[in-house]
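The sequence and structure come first.

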Amino acid sequence: MQTVLFTSTIFGPIHSRRLGTSLGVNLSPSDGKVCTFDCLYCEAGFNAQGPGTSGLPSREDVAMLLERKLQDMRAQGMSLDTITFSGNGEPTVNPAFPEIVGDVLALRDKYYPQAVVSVLCNSTRLWDERVAEAILKVDNPILKLDSAVDATMRLIDRPASPGFNVSALIDRLAELAAASDKVIIQTMMLRGEYDGHVVDNTTSAEVEALAEAYRRIRPREVMLYSIDRQTPARQLTKVSREDLDEFAARFRADDITVQVN
């Protein structure tokens, strides 16, 4: 079974397709996975591997480890584009997430004021006002919308909550985008098969549903990408750059800013 990739709370810096030189902040366990989705394509593997034994990192540990790393990087003259909340699951599950966001922003300002802070968020906890407020404090709140068709979203993302649905999600994303000009939508495009079901959010119907959702949300931009590493569902295939560019052109026709990665 494919298992967690990140065995520490602070990892990197790594080169990200979307974010440049990025230092990761993993608010999930260092030896397990905790997520409100169980995505077919998740590079950290399926949730079935379990949460491990290390637990969620505390606010105090995150601040201490991040400051130590930033001090070391600055002493070595290393550059940094982004500090990114990512890792082995959904960062907003950590109960100290709002407070940790404040700490990370303060440490960024102290050591690398030119860097931006990004959050990779699966959008499931945006109805928690404390989480939403913290999300909108960062420079790049990158929020997931993999399909605007409920059945496809359930097949690809496999939300833990049976009540989670695309219609309510699009409404919530639109609310947040109206409140802030920072909101970025991230959409994974993929094809393949899983457990006897065809997986494909690239059909004309899917693309048109996404176009309608983007028009409703009006995000700062859309990040459109496809798989780049081994996935836990092995029968998924990467969507070509040519196809991604074609989809992007469709969305740009509606005056949506699109970044293809």
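Buried means under 20% relative accessible area, exposed over 50% and partly exposed in between, with a 1.4 Å probe and protein chains only. Helices (H or I, at least four residues) and strands (E, at least two) are DSSP runs numbered from the N terminus. The model is predicted: local features need pLDDT of at least 70, side-chain atom pairs count only at pLDDT 80 or more, and totals for chains, interfaces and linings use all residues. Residues are numbered from 1 along each chain as its sequence is written, and side-chain values use heavy atoms, leaving out hydrogens and water.

**Strand β9**

Two strands pair if DSSP finds at least two bridges between them.

| Partner of β9 | Residues | Bridges | Sense |
|---|---|---|---|
| β6 | 184-188 | 5 bridges | parallel |
| β11 | 258-260 | 3 bridges | parallel |

Toward β11, L224 stands opposite V260.

**Helix α6**

Helix α6 has 14 residues. From first C-alpha to last, α6 reaches 20 Å, close to the 20 Å expected; the expected span is 1.5 Å times one less than the number of residues. Its buried residues are E206, V207, A209, L210, A211, A213, Y214 and I217. They pack against α4 (150-157), α5, β6, β8 (197-200), β9 and α7 (241-252), where contact means heavy atoms within 4.5 Å. Just after α6, R218 takes a positive phi of about 55°.

**α5 against α6**

The axes of α5 (residues 166-179) and α6 (residues 204-217) come within 8 Å and cross at roughly 35°. Axes are lines fitted to C-alpha atoms, for helices over the stretch in contact, and angles run from 0 to 180 degrees between N-to-C directions. From α5, I170, D171, L173, A174 and A177 meet A213, R216 and I217 of α6.

**Cysteines**

How many disulfides does a search of the whole structure find? The search finds 0, taking a disulfide as a pair of cysteine sulfur atoms within 2.5 Å. The sulfur of C39 is too far for a bond, because the closest cysteine sulfur, in C42, is 6.3 Å away. C39 counts as buried, at 6% relative accessibility. C121 is in no disulfide either; its nearest cysteine sulfur, that of C35, is 9.5 Å away. C121 is also buried, at 3% relative accessibility.
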